[in-house]
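Here is a short briefing to read alongside the structure.

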Amino acid sequence: MLAKLTHPRIGGLLILSLIIALLPLALPNNYYYDVAIKIGINAIVVVGLNLLIGYAGQISLGHGGFFGLGAYTSGILTAVYGWPPLLALLTGVAVVGVLSFIVARPILRLTGHYLAMATLGLGIIISIVISNEDWLTGGPDGMYVEPFTLLGWELYGEKPWYWVIGALLVISVWMAMNIVDSPAGRALRAVHGSEVAAQVVGVDTTGYKVLLFVVSAVFASVMGSLFAHYSGFITPAQAGFFHSIELVTMVVLGGMASTYGALVGAVLLTVLPQLLSGFEDFEMVIFGLILMLTLIFMPKGLVPTLTHKLKDWRGGRS
Amino acid sequence: MLKSLFTRGAMLAVCAVSLLSPALADDAIKIGSFLSATGPASFLGDPELKTLQLYIDKLNAEGGLLGKKVELIHYDDAGDAEKARTFVKRLLDNDKVSLIIGGTTTGTTMAAIPLVERAKIPFISLAGGIDIIDPVKKWVFKTPQTDRMAAAKIMEDMKKRGYTKIALLSETSGFGRSGREQTLKVAPEYGIDIVLDETYGPKDTDMTAQLTKIKNTEGVQAVFVFGFGQGPAIVTKNYAQLGITLPLYQSHGVASNSYIDLAGDAAQGVLISASALLITDDLPADDVQKTVLVNYKKDYETAFKAPVSTFGAYAYDGLMLAVNAIKKAGSTDPSKVRDAIEQTEGYVGATGVVNMSPKDHMGLDLTAFRILEIKDGGWVLIQ
Amino acid sequence: MGAGRPLLVITAGCSGIMFAEFLQYLFSGMTIGATYALVGLGFAIIYNASHVINFAQGEFVMIGGMATVFLIHIGLPLPVAILGAVALAVVTGLALEKLAVEPARNADVVTLIIITIGASIFLRGLAQVLWGKEFFALPAFSGNDPIHLGGATLLPQSLWVLGITLAIVVALAWFFKYTLIGKAILATACNADAAKMMGINTQFILFISFGLSALLGAVAGIIVAPITLTSYDVGIMLGLKGFVAAVLGGLGSAVGAIVGGLLLGIIEAMAAGYISSDYKDAVPFVIILLILFFLPSGLFGARGTERV
C-alpha cells in the first residue's frame with residue numbers, strides 16, 4: 001500500500017488533488033479563482049499538447065485553432081441553434097477529432113517539421129474563417145456564450161467552475177499518464193525515441209503519433225468549449241496563432257515529456273502577465289527576458305532541470 | 001521528490017498571491033481602468049491612458065474629489081479581450097474600484113460588459129461600437145461617437161455632394177467590421193448605393209489590389225475607407241500611386257495628425273468625419289466647445305510634448321463625466337453615481353455636447369462630428 | 001460584319017483594362033513578395049544551420065526600419081542611417097546567437113525555437129520602450145512620382161525593392177559558391193555531422209548565419225518601410241509572412257524561400273483582386289496544406305523522408 005502511494009504516478013496525482021483541494025484557502029476572492037481556473041484550463045490543454053511534443057517529438061503550431069474551434073462550436077450551437085451545451089461540446093470534439101485525424105494521417109508518415117507547418121496553416125485558416133464569418137461568429141469583436149447547463153443544472157460563477165476544472169485536471173493528468181504508459185508508448189520510450197528501432201521491433205509509430213495528436217487536439221477542443229461557457233465571451237484571438245505559440249511555450253518552459261512540467265509551465269505563463277501588469281511598458285521586455293533566461297539556464301525546462309538538480313543534491317549529501 | 005517540488009510550487013503560489021494584493025490607501029476614491037496601452041490599438045490606448053493620468057494628477061493637486069484623493073488603478077490589456085476580462089475581474093473583485101473607465105476597443109469593452117453588469121459598477125467605455133449602448137445596458141456608458149454616426153455623417157456629406165454610387169473599403173479588424181456593417185445599414189437611408197464592398201487586413205502592407213478593382217469599377221463616384229491605424233494611411237498612399245481621382249472619405253479612426261504625417265502629400269484633399277479637436281485653433285470663438293478644446297490641447301501638449309489626438313479626448317470626457325457624477329451624487333455609491341451619469345445634461349466635452357438619458361447612454365448627436373478636409377498638411381473645417 | 005467591329009473594339013478595350021489590372025496585381029505582389037523573400041531567406045539560412053525556426057527574424061526587419069527612422073531623426077543622412085541600422089541589426093543577430101542560442105546549444109531544437117520567441121518579445125518590448133508605439137514613414141529613396149507601365153503604376157521605391165533584392169540574391173549566390181565560409185555553410189546545411197568531421201566549426205557557422213539573416217531582415221525592413229510604414233511591432237506580421245514564404249518554398253531551401261516569397265506576394269495580390277479580399281490571407285495557407293498533402297517536400301525542398 002505504502003509502496004503504491006510513493007509510486008510517482010499515484011503519489012503525484014494525490015499531491016495534485018491535495019493542492020487543488022487546499023488552494024481555495026489561499027484564494028481571497030473571485031479574481032484569484034478566475035486566475036486559478038484559467039491556469040487549470042491552460043494546464044489541461046498543455047498536458048495534452050505535451051503528449052505530442054514530449055512523446056511524439058512533433059510540434060503543433062495550431063492548437064489555438066483547435067481550442068478556438070471547440071469554443072466557437074459550443075458558442076454557436078448553444079447560442080444560435082439552442083443545442084444543449086454537452087451535445088455542442090461533443091460535436092466540437094467530433095469535428096476537431098476528425099479534422100486532426102485527416103491532417104495527421106498523411107503528414108505524420110513523414111519525418112521533419114511538416115506537422116508544425118500543416119498545423120500552422122490549419123490554425124490560421126480556422127482563425128481567419130472565424131474572424132470573417134461575422135454573421136455567425138460575431139467577427140473580430142467576439143461573441144457572447146451562454147452558461148453551461150446540464151439536465152437543468154446551471155454551472156455558473158467562479159467557485160463551482162473551480163471544482164469542475166480541478167477535477168478535470170486530475171482526470172486528464174491521469175489519462176495522459178496512462179497513454180504514455182501504454183504498451184506503444186513504453187515501446188517508443190524503451191528504444192529511446194528512435195523511431196527506426198521502434199519500427200524494427202514492430203511498433204506502429206505513425207499510428208501512435210497520430211493517436212497522440214488527435215488526443216491532444218481533442219483536449220484543446222474540450223477546454224475551448226468549457227472556456228467559452230465559463231468566460232461567457234470569446235474572440236477569434238482564442239483560435240489565433242499567438243495562442244498556439246503560447247501553448248507550445250508553456251510545454252517547453254515547464255519541461256517537455258514531463259506531465260507535471262506542463263502543469264508548472266501553465267501556472268507560470270498564466271500568472272506571469274498578472275504579476276507583470278504593474279510594469280506597464282516594460283512588461284514585454286521583462287516577459288521576454290524571463291522566457292529566454294529560463295530556457296538558456298534550464299534548457300530541459302523547469303521541472304526536469306529542478307528534479308535533476310534535486311537528485312544530484314540528495315545524492316551528493318548521502 | 002515530487003512532494004518537495006509541489007510544496008515549493010505552493011509556496012510560490014502563496015508568494016504570488018501576496019504580490020498581487022494591492023497595498024493601497026483605503027480612503028482614496030478608486031477609479032479602475034483597462035486600456036490597450038500596448039498592442040495594435042496602442043495609438044488609441046496610449047493617449048487615453050496619458051489623459052487619465054494627467055487629469056487625475058491634476059485633480060489630486062487641486063485637492064481631490066469629495067475631499068478624498070483619487071487613485072487610478074490601470075491595467076494594460078494589449079487589445080486582447082480575454083486579458084481585458086481578467087483585468088476587469090481584478091478591478092471589480094480584488095481592487096474594489098468604484099467605477100471603471102476603459103475599454104479602448106469594442107472587443108475589450110464587450111468582454112467587460114457582463115462583468116460590470118453583474119457587479120453593478122458604473123462603466124464608461126472609450127470604444128466606438130454601437131453594440132455597446134444599443135440596446136442600453138444599465139451600468140454601461142460610452143463617450144466616443146458610434147460607428148453608425150460616423151457612417152451617417154459621411155453619407156450625409158456624400159448626399160449633399162450628389163454622390164449616389166460609392167465603393168466601401170473596410171478593415172477586417174473589429175472597428176472596420178462593425179463600421180462596414182453600420183455603413184451598409186445606413187447607406188440606403190441616404191439613397192446611396194454601395195456598388196463595391198472590399199476589405200483589407202489590419203496588418204496589410206499593400207492595398208493596391210483592392211483599389212485597382214475599385215478604380216476599374218464603372219460608375220463609382222466616391223470611396224469610403226473604414227479603418228484605423230496605419231492601414232488607412234497605406235490606402236491613401238496607394239490611392240495616390242494609382243492616380244485615382246475620386247473623392248476619398250476616411251472615418252474618425254484616422255483622426256490624428258499622425259495620419260497626415262504617414263500619408264504625406266497623398267492625404268491632400270481627403271475628407272474625414274472627426275471631432276472638432278483637430279481644428280481647435282481655427283474654431284470660431286463662439287463655438288461651444290472652444291474653451292474645453294483649447295484647454296485640453298494645451299494641457300496635453302505641455303505635459304507630453306506630443307500632439308493631442310481625438311482618442312485621448314474620449315478619456316477626458318469619460319473622466320469628467322465620472323468626476324461630475326461623483327460630485328453630484330456626493331458619494332461613490334455605485335447606483336447613485338450611475339444615476340448621476342445617466343442624468344448628465346449639457347456637458348460640454350472634448351468630443352461633443354453630451355445629453356444622456358435612460359434611453360441614450362452616449363448622449364451625442366451628429367454635431368459631435370465635423371467634416372474636415374486635409375489641405376496642405378493641415379485640417380480644414382468643411383461644415 | 002458591321003456589328004462585329006465595335007464588339008471587337010469593346011473586347012479589346014476590356015482586355016486592355018483586364019491586362020492592366022493583372023499587371024497592377026503583379027507589380028504590387030512582386031514588390032511585397034520581394035520583402036517576404038528576403039525575410040524567408042533569413043529563416044532558411046538559420047534553419048539550414050541548426051533546424052531552428054528563428055521567430056526573432058521579424059524583429060530584424062523591425063530593427064532595420066525603426067533604427068533607420070530613428071537615425072534620420074537625430075540628423076544623419078539617409079545612406080548613413082541605413083548603414084547604421086543594418087549594422088545594429090547584424091550586431092543584434094550575432095548577440096542573439098552568442099548570448100541566447102549558443103549557451104543552450106545542447107538543448108532540444110524546440111527549446112531553441114522558444115528561446116527565439118522570448119528574444120522576439122524582448123526585442124519588440126525594447127523597441128517599444130526606446131522608440132515608442134507610433135507608426136513612422138521613411139522617406140522614399142527617390143521620390144513618390146509613380147511610373148506608368150502598360151496601364152499599371154509602379155512606385156520608384158518598388159524598383160528599389162526589386163533591384164536590391166535581386167542584387168542581394170546574386171551576391172548571396174556568389175557568396176555560397178565562391179567563399180570558404182559560404183561553402184562551409186552549405187556543407188553544414190547538407191550534413192552537419194559530416195561537416196563537423198571535416199573540421200568545420202558548425203557553431204561558428206550558426207553564428208555567421210544569424211548575422212547574415214539579421215542583415216537580410218534589416219535590409220528588407222528598410223527598403224519596404226517607405227511603402228508599408230514601420231513600427232515597433234511590424235516584425236510580427238512580416239516575420240510570419242517570411243516564415244510562410246520559407247515554408248511555401250520548402251523550409252531550408254534558399255531558392256525555395258525566394259520563389260516562395262515572390263509567390264506569396266503575388267498570390268495575395270491576385271487573391272485580393274480576383275477571389276476575395278476577405279480570404280486573401282487564407283489562400284497561401286490552403287496552398288501550404290495542399291503542398292504538404294500532395295508534394296510534401298515543398299516546391300523546392302529536399303526529399304520528404306529523411307535518411308536513417
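Helix 5 of chain C crosses helix 8 of chain C in a right-handed sense. This is a predicted model, so please read each value below as computed from it.

- Helix 5 of chain C covers residues 156-178 and helix 8 of chain C covers residues 202-228; the two pack at an angle of about 165°, and their axes lie 9 Å apart.
- Angles over 145 degrees count as roughly antiparallel, and helix 5 and helix 8 of chain C are therefore roughly antiparallel to each other.
- On the helix 5 side of chain C, the residues that meet helix 8 include C:Val161, C:Ile164, C:Ile168, C:Leu172 and C:Phe175.
- On the helix 8 side of chain C, the residues that meet helix 5 are C:Leu212, C:Leu216, C:Val219, C:Ile223, C:Pro226 and C:Ile227.
- Sorted by class, this contact of helix 5 with helix 8 of chain C has 12 nonpolar residues, 3 polar ones and no charged ones.

**Chain C with chain A**

- Here the contact draws on 49 residues from chain C and 42 residues from chain A.
- About 3900 Å² is buried between chain C and chain A, and carbon and sulfur atoms give 81% of this area.
- Between chain C and chain A the count is 1 salt bridge.
- C:Lys133 and A:Asp281 form a salt bridge, with their closest N and O atoms 3.3 Å apart.

**Chain B with chain C**

- Chain B and chain C each bring 30 residues to their contact.
- The buried area between chain B and chain C is about 2500 Å², with 52% of it from carbon and sulfur atoms.
- Of the area that chain B buries against chain C, 24% comes from B:Lys203, B:Thr205 and B:Gln241, more than from any other three residues.
- The interface of chain B and chain C has 4 salt bridges by the rule.
- C:Lys280 forms a salt bridge with B:Asp204, and the closest N and O atoms are 2.4 Å apart.

**Salt bridges in the whole structure**

- Side chains of opposite charge can pair when their charged atoms come close.
- Over all chains, the structure holds 30 salt bridges.
- One of the salt bridges joins the side chains of B:Glu82 and B:Arg85, at 3.1 Å from N to O.
- B:Glu82 and B:Arg85 are separated by about one helical turn, because they sit 3 residues apart in helix 3 (residues 81-94) of chain B.

Key:
Residues numbered from 1 in each chain as written. Chains lettered and ligands numbered in written order. Predicted model: local features only at pLDDT ≥ 70, side-chain atom pairs only at ≥ 80, totals over all residues. Heavy atoms only, no water. Axes fitted to C-alpha atoms, helices over the stretch in contact; angles between N-to-C directions. Helix = DSSP H or I, 4+ residues; strand = E, 2+ residues; numbered from the N terminus. Parallel < 35°, antiparallel > 145°, perpendicular 65-115°, else oblique. Left-handed = near helix turned anticlockwise from the far one by under 90°. Contact = heavy atoms within 4.5 Å. Nonpolar A, V, L, I, M, F, W, Y, C, P; charged D, E, K, R; others polar. Buried area = accessible area lost by both parts, 1.4 Å probe.
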